[in-house]
Amino acid sequence: MATTWNPEPELLKHLDAQVPEILASKKPNGQFGTEPWICGDQNLVFPLAVAWSLKESRHHHSPDVLKAVVKGGDALIDAQDADGKWIFRKKDHSTWGQIAMPWTYSDWINAYELVREAMGDSERDRWDRGLKLGFETISRTCLGGVHNIPTHHAMALYTAGEVFGREDWRAQSRAFMARVVAEQSPNGWWPEHKGPVVAYNFVYTDALGVYYSAS
């Protein structure tokens, strides 16, 4: 007999259990994680925002969780350069130059969509400026050829278009995602550098799935 996959209760249980650990890793400046700090450490603003927003969560509308989300985004703003990029640093201390890190921007804008109305006016204005700076750069410079990173950028750009009422960003995202679908091999993979990149299939399908749900 067929069974229905219903993962939400188990996922919520694990999310709720992780929130105290995430909060414990937060420094006074809003940065999460271990040294060296990398922009990807701040991706935790999204699961925190989810826990804060879900009525079923024991952290629903927790002031401490909301404060951590806001401070977490502030830490990203503090580290932005003039184009909204961060240094691409890895935990082994190696650096790869500046990047509008796609996973960080998608988690940040998704968190903002959940907590925006609960933020103070000055907090919201600061986040508006930081997020718009980054997504203007993404819109202007990051959607060239079809590749796994631009695909993730295009997905997040759609959400940014929804949050900020930017139809031009939504239209740009729709056009890019159509190109992504058109370039998929009949065998399911996408080509990069003239060959299949099967290991990145999750990146492509994750971005397409989130975009499809959002749009």
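At 75% relative accessibility, His193 counts as exposed, where exposed means over 50% relative accessible area, buried means under 20%, and partly exposed lies in between, with a 1.4 Å probe and protein chains only. This is a predicted model, in which local features need pLDDT of at least 70 and side-chain atom pairs count only at pLDDT 80 or more, while totals for chains, interfaces and linings use all residues. Residues are numbered from 1 along each chain as its sequence is written, and side-chain values use heavy atoms, with hydrogens and water left out.

His193 is found in the loop between strand E3 (191–192) and strand E4 (195–196); helices (H or I, at least four residues) and strands (E, at least two) are DSSP runs, numbered from the N terminus. Although His193 is not a glycine, its phi is positive, at about 55°. Most residues other than glycine have a negative phi, and most peptide bonds are trans. His93, in the loop between strand E1 (86–89) and strand E2 (95–99), is not a glycine either and has a positive phi of about 75°. His93 is exposed, with a relative accessible area of 57%. The peptide bond that joins Glu35 and Pro36 is cis, with omega about -5°, and Pro36 has its place in the loop between helix H1 (8–24) and helix H2 (45–53).

The contact (heavy atoms within 4.5 Å) involves, among others, Phe46 and Trp52 of H2 and Trp108 and Leu114 of H4.

Helix H5 (residues 121–141) has 21 residues, which at 1.5 Å a residue should span 30 Å, and its end C-alpha atoms are 30 Å apart, which agrees; the expected span is 1.5 Å times one less than the number of residues. Among the buried residues of H5 are Trp127, Leu131, Phe135 and Ile138. An α-helix has 3.6 residues a turn, so residues three or four places apart point the same way. The buried residues of H5 pack against helix H3 (63–79), helix H4 (102–115), helix H6 (148–164) and helix H7 (167–182).
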